[in-house]
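Please work through the exercises below with the structure at hand, trying each task before you read its solution.

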Amino acid sequence: MEGKKILIIEDDTFLQGLAANKLQSEGLEVNTASTGEAALTELSNQTYDAIILDLMLPDISGFDILKQIRERETNNKIPILIFSNLSDDKDIKRGLELGATDYLVKANFTLDELAEKVMKVFK
Amino acid sequence: MNNPEQRDTISIIAHELRTSLLGAKWVLKMLLDGDLGEINDKQKLFLEKTFKNNEKMVDLVTELVEVGHSSESKPLDFTEMNVVEVGKDVLEDFEADAQNRGISLEYTSPVDGIVLAEVNKNKIHSAIQELLNNALKYTEKGSVQLSVTEDNDNLFIRVTDSGIGISEEDKAKIFEKFFRGSNAEAKEEIGSGLGLFAVEKIAEKHKGSVSFESELGKGSSFTMTLPKKH
């Protein structure tokens, strides 16, 4: 997975750090954003191969970020994995309808399983 | 919990708790897998217990959110489905736990394996999960049985166990929010006292009810009776 670049959008810096370390150890180049604003700026400046997206952020909802990313895209759609505590069917449905590649409920995943899901999108 | 402010507070607390618990889960798993250095058998044992308790706390927070949602005044969406299949799905999740505890887990359903009813699948899934969870937690030996049956108008979901039972004194309070039976507390299993409250709310949302029979030291049987059509 050398050379693949991923952006982790997550406001909890502890989780963010753990996920970043894990994915770096898998050979990915990892950047992080703790707010929606920072994430959108980052995405305007750099190209990424995948995004991990939390939904409950301090400024902009993850759903809105997802919507904005998908509206900006033309041909190649960047894989976006929603990684959220929200586990209601209506949230999962909304995330997938807005174009998320997958919807992962945080409590159900260990770090290894999250890394597996990320690696899968590159295969 | 019909007050929107209370619901919001619960949601925020639940979010914070889940995030912290997830961080703990990840670190514990890394320690258990030896990612942060080798651990000895004693350390492993304690870490495994902590990991298990952390998972139970995740379940408790989920229960808390469930109670918040089930108290909302908006009506549920009902879809006609085979409730026997829903029961089978939930039961599968408990097989490993039952085996570890040495409890036999049994399922009774009609011979054709079909009980069609208009239900909210997620809520019924949660309710069966809660009833089975309680039954397994408070049964030391013997069996836990789930049955899904019907008559002309109603669907019956029953969970019967050979567990510690409920005292006469506790019976009147069993569906109260945050109530835990005195013998349940003594057993030192983690519980919030929200589970049966949530089950009753789910039954009410289906215009049904929950009843139970129990004998101290012999076991309990909880039955959800729900109309098949709305």
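The exercises that follow concern a predicted model, and each task is followed by its solution.

**Exercise 1. The make-up of chain B**

Task: Find how many helices and strands there are in chain B, and in what pattern they follow one another along the sequence.

Solution: Begin with the count, which gives seven helices and seven strands in chain B. Next, read along the sequence, where these elements follow the pattern α-α-β-α-β-β-α-β-β-α-α-α-β-β. Then turn to burial: of the 230 residues of chain B, 32% count as buried. Finally, consider the contacts in chain B with a separation of 6 or more, of which 68% are accounted for by residues 24 or more positions apart.

**Exercise 2. A strand pair in chain B**

Task: Determine in which sense, parallel or antiparallel, strands β1 and β3 of chain B pair, and which residues of β3(B) lie on its covered face.

Solution: Strand β1 of chain B spans residues 79-82, and its pairing with β3(B) is antiparallel, over four bridges. Within this chain, B:Glu80 has B:Glu118 of β3(B) as its bridge partner. The faces of β3(B), which covers residues 116-119, can then be separated: B:Ala117 and B:Val119 make up the covered face, whereas B:Leu116 and B:Glu118 make up the uncovered one. The bridge partner of B:Glu80 is therefore a residue of the uncovered face; as background, strands of a sheet pair through backbone hydrogen bonds, either parallel or antiparallel.**Exercise 3. Two helices packed against α4(B)**

Task: Describe how helix α4 of chain B packs with α3(B) and with α7(B).

Solution: Take α3(B), residues 83-101, to begin with; this helix and α4(B) pack at an angle of about 30°, with their axes 10 Å apart. Because angles under 35 degrees count as roughly parallel, α3(B) is roughly parallel to α4(B). Their crossing is right-handed. Among the residues that meet here are B:Val86, B:Val90 and B:Phe94 in α3(B), and B:Ile124, B:Ile128 and B:Leu132 in α4(B). By class, this contact has nine nonpolar, three polar and four charged residues.

Now take α7(B), residues 195-205, which packs with α4(B), residues 121-137, at an angle of about 145°, the axes being 9 Å apart. The crossing of α4(B) and α7(B) is left-handed. The meeting residues include B:Ala127, B:Glu130 and B:Leu131 in α4(B), together with B:Ala198, B:Val199 and B:Ile202 in α7(B). By class, the contact of α4(B) with α7(B) has five nonpolar, four polar and three charged residues.

**Exercise 3. The sheet of chain A**

Task: State in what order the five strands of the open sheet in chain A are arranged, and which of them are the edge strands.

Solution: The order is β2-β1-β3-β4-β5, with parallel pairing. The edge strands are β2 (29-33) and β5 (102-105), each of which pairs on one side only. From one strand to the next, the twist averages 20°. One pairing can be followed in detail: β3(A), residues 50-53, and β4(A), residues 80-84, pair in the parallel sense over three bridges, and A:Ile51 has A:Ile80 in β4(A) as its bridge partner.

**Exercise 4. Where the chains touch**

Task: Find how many residues each chain brings to the contact between chain A and chain B.

Solution: The contact takes eleven residues from chain A and eleven residues from chain B. On the side of chain A, α1(A) gives the most, with three residues. By class, that side has six nonpolar, two polar and three charged residues.

Conventions:
Residues are numbered from 1 along each chain as its sequence is written. Chains are lettered from A and ligands numbered from 1 in the order in which they are written. This is a predicted model: local features need pLDDT of at least 70, side-chain atom pairs count only at pLDDT 80 or more; totals for chains, interfaces and linings use all residues. A residue is buried if 20 or more other C-beta atoms lie within 10 Å of its own, exposed if 12 or fewer, and partly exposed in between; C-beta atoms are placed from the backbone. Two strands pair if DSSP finds at least two bridges between them. Axes are lines fitted to C-alpha atoms, for helices over the stretch in contact, and angles run from 0 to 180 degrees between N-to-C directions. A crossing is left-handed if the near helix is turned anticlockwise from the far one by less than a right angle, and right-handed if clockwise. Two residues are in contact if their C-beta atoms, placed from the backbone, lie within 7 Å. Ala, Val, Leu, Ile, Met, Phe, Trp, Tyr, Cys and Pro count as nonpolar, Asp, Glu, Lys and Arg as charged, and the others, Gly among them, as polar. Angles under 35 degrees count as roughly parallel, over 145 as roughly antiparallel, 65 to 115 as roughly perpendicular and the rest as oblique.
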